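I opened the notebook to record, entry by entry, what I looked up in this structure. Each entry starts from one place and follows its surroundings.

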Amino acid sequence: MKKVLKALSLMLVMMLFAALLSACNKSTGGSGKGSIDVGIVLPTKDEPRWVQDEQRFKDALKDSDYTTEILFSQGSSAKEKENVETLINKGIKVLIICPQDGDAAAAAVEAAKKEDITVISYDRLITNTDAVDYYVTFDSVAVGAAQGQYLIDHAKGKNVPLYLYAGAASDNNAFLFFQGAWSVLQPKIADGTFKIANSSEAEALKDTAELSRDQLSKILGQVTTNWDPNEAKNKAQTHLTAAGADLKGDVAVLAPNDGTARSIADVFASDGDISSYVITGQDAEKASIQYIIDGKQSMTVFKDVRTLVKDAMGMAVEILDGKTPETTGSYNNGKVDIKAKQTDVIVVNKDNVKKELIDSGYYEASEFKGIE
Ligand code: BGC
């Protein structure tokens with residue numbers, strides 16, 4: 001009997017202890033539940049584009065009543081998932097996430113959805129999952145179309161060699177950019193204004209006005225830069241080494257963004273058989289603005305990150321306040337239609353760089369050399 005009593009009281013003490021411990025855990029501050037309202041996950045610090053987004057988020061959040069935390073995934077989907085889990089444990093109610101890899105990020109947002117967190121896909125769409133509530137983005141098809149149109153507007157004569165480059169196939173935007181560019185370039189390839197210089201896959205599809213996802217994949221597989229300036233440089237070198245005289249002279253280059261445009265431009269500039277090149281870009285990165293002023297990059301597509309941040313945070317605050325955010329359209333992510341808010345873009349070259357980027361207060365004139 002004594003033994004039974006002893007065992008029972010021991011059990012009681014243990015139960016009490018366990019109850020106390022869990023109460024303690026719940027009230028822990030700092031990293032405990034309930035400390036952060038909005039979690040923000042960005043792909044990498046290695047590209048100026050995303051460091052800029054971080055800064056613009058910080059500027060916008062200065063006077064916010066809500067608490068936020070920004071984490072970077074450093075190009076790794078595993079790190080991205082870990083970041084999302086960290087934020088879930090901090091009690092976030094809204095997750096704003098720009099995926100490193102659109103498909104791979106599905107698992108991370110599905111984990112968030114299980115905790116009733118509202119998921120906003122930011123700039124890049126998270127694909128093939130129904131665990132995304134909203135998408136805040138620039139008009140990426142328009143970005144590609146603007147790049148293609150710039151090459152058309154600046155092409156001299158016929159049979160202009162056209163070098164095609166694309167973003168990473170793990171990024172849905174890379175498809176949208178190329179699709180937009182192709183929509184305007186294809187008729188000009190068909191009518192002999194351009195001849196494709198570096199892609200047998202694009203060459204084989206030159207009479208196809210609208211490319212399917214599979215057809216786009218084939219071209220991207222050949223001309224992807226993986227968003228990596230080094231890979232872009234190596235590819236451009238390989239292409240120019242293989243190109244005969246008929247593919248040199250005055251050429252046009254579709255470069256998907258500023259980081260890759262600068263390194264591709266450097267390769268073209270150092271080839272004695274290239275007399276001139278027109279090259280596109282996007283992001284209005286400071287280094288590319290200097291390249292444009294110096295005549296080394298032809299244009300960029302300016303995507304005002306302040307607007308994207310304002311839209312994403314505006315949406316998050318409405319959700320936190322129990323309201324339904326306004327959207328302007330939708331995007332299919334391969335599984336479901338996601339309600340989206342979309343922002344326009346602006347083409348910038350030497351002629352309007354001052355008006356669009358300095359006079360608008362986006363950058364300071366003192367950050368550049370030779371701007372009037
Ligand atoms: C973004 C671009 C960026 C690229 C590489 C795209 O998803 O929309 O602005 O240059 O990724 O990071």
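**Entry 1**

I began with Asn172, which, leaving aside its neighbours within four places in sequence, is in contact with Leu125, Thr127 and Arg213, where contact means heavy atoms within 4.5 Å. Before going on I noted that this is a predicted model, in which local features need pLDDT of at least 70 and side-chain atom pairs count only at pLDDT 80 or more, while totals for chains, interfaces and linings use all residues. Residues are numbered from 1 along each chain as its sequence is written, and side-chain values use heavy atoms, with hydrogens and water left out.

Is Asn172 buried or exposed? Asn172 counts as buried because its relative accessibility is 8%; buried means under 20% relative accessible area, exposed over 50%, and partly exposed in between, with a 1.4 Å probe and protein chains only.

Asn172 lies in helix α6; helices (H or I, at least four residues) and strands (E, at least two) are DSSP runs, numbered from the N terminus. I read that α6 covers residues 172-190, 19 residues in total, and reaches 26 Å from its first C-alpha to its last, close to the 27 Å expected at 1.5 Å a residue. The expected span is 1.5 Å times one less than the number of residues.

At the N-terminal end of α6 I found Asp171 as a cap, with a side-chain oxygen 2.8 Å from the backbone nitrogen of Asn173. Further along α6 there is a kink of about 40 degrees at Ser183, shortly before the proline Pro187; the bend at a residue is the angle between axes fitted to the seven residues ending there and the seven starting there. After α6 comes Gly192, whose phi is positive, near 85 degrees.

Next I looked up the nonpolar cores, a nonpolar core being a set of buried Ala, Val, Leu, Ile, Met, Phe, Trp, Tyr and Cys residues joined through side-chain atoms within 4.5 Å. The largest has 69 residues, of which Phe57, Ile96, Tyr122, Phe178 and Leu185 touch the most other members. This core draws at least three residues from each of domain 1 (28-132 + 305-344) and domain 2 (140-303 + 347-367), with bounds that come from an automatic or database domain assignment. Apart from this core lies another, of 25 residues, including Ile36, Ile92, Ile117 and Val119.

Which residues does Leu185 touch, not counting residues up to four places away in sequence? I listed Gly148, Leu151, Ile152, Leu162, Leu164, Phe194 and Leu254 for Leu185.

For the two domains, I noted that 29 Å separate the centres of domain 1 and domain 2, taken over C-alpha atoms. I also noted that 15 residues of domain 1 are in contact with 15 residues of domain 2.

I then turned to α5 (residues 140-153), which is mostly covered, with 10 of its 14 residues buried.

In the loop between α5 and β6 (160-164) I found Asn159, whose phi is near 55 degrees, a positive value in a residue other than glycine. Asn159 counts as partly exposed because its relative accessibility is 42%.

**Entry 1: other loop residues**

Asp123 lies in the loop between β4 (118-122) and β5 (134-138), and has a positive phi of about 70 degrees although it is not a glycine. Asp123 is buried, since its relative accessible area is 3%.

Asn257 sits in the loop between β8 (249-254) and α10 (258-269) and counts as buried at 6% relative accessibility. The side chain of Asn257 makes a polar contact of 2.7 Å with the side chain of Thr260; a polar contact is a pair of N or O atoms within 3.5 Å, where, within protein, one must be able to donate a hydrogen and the other to accept it, and residues adjacent in sequence count only if both atoms are side-chain atoms.

Glu210, by contrast, is exposed, with a relative accessible area of 73%, and its place is in the loop between α7 (200-204) and α8 (213-223).
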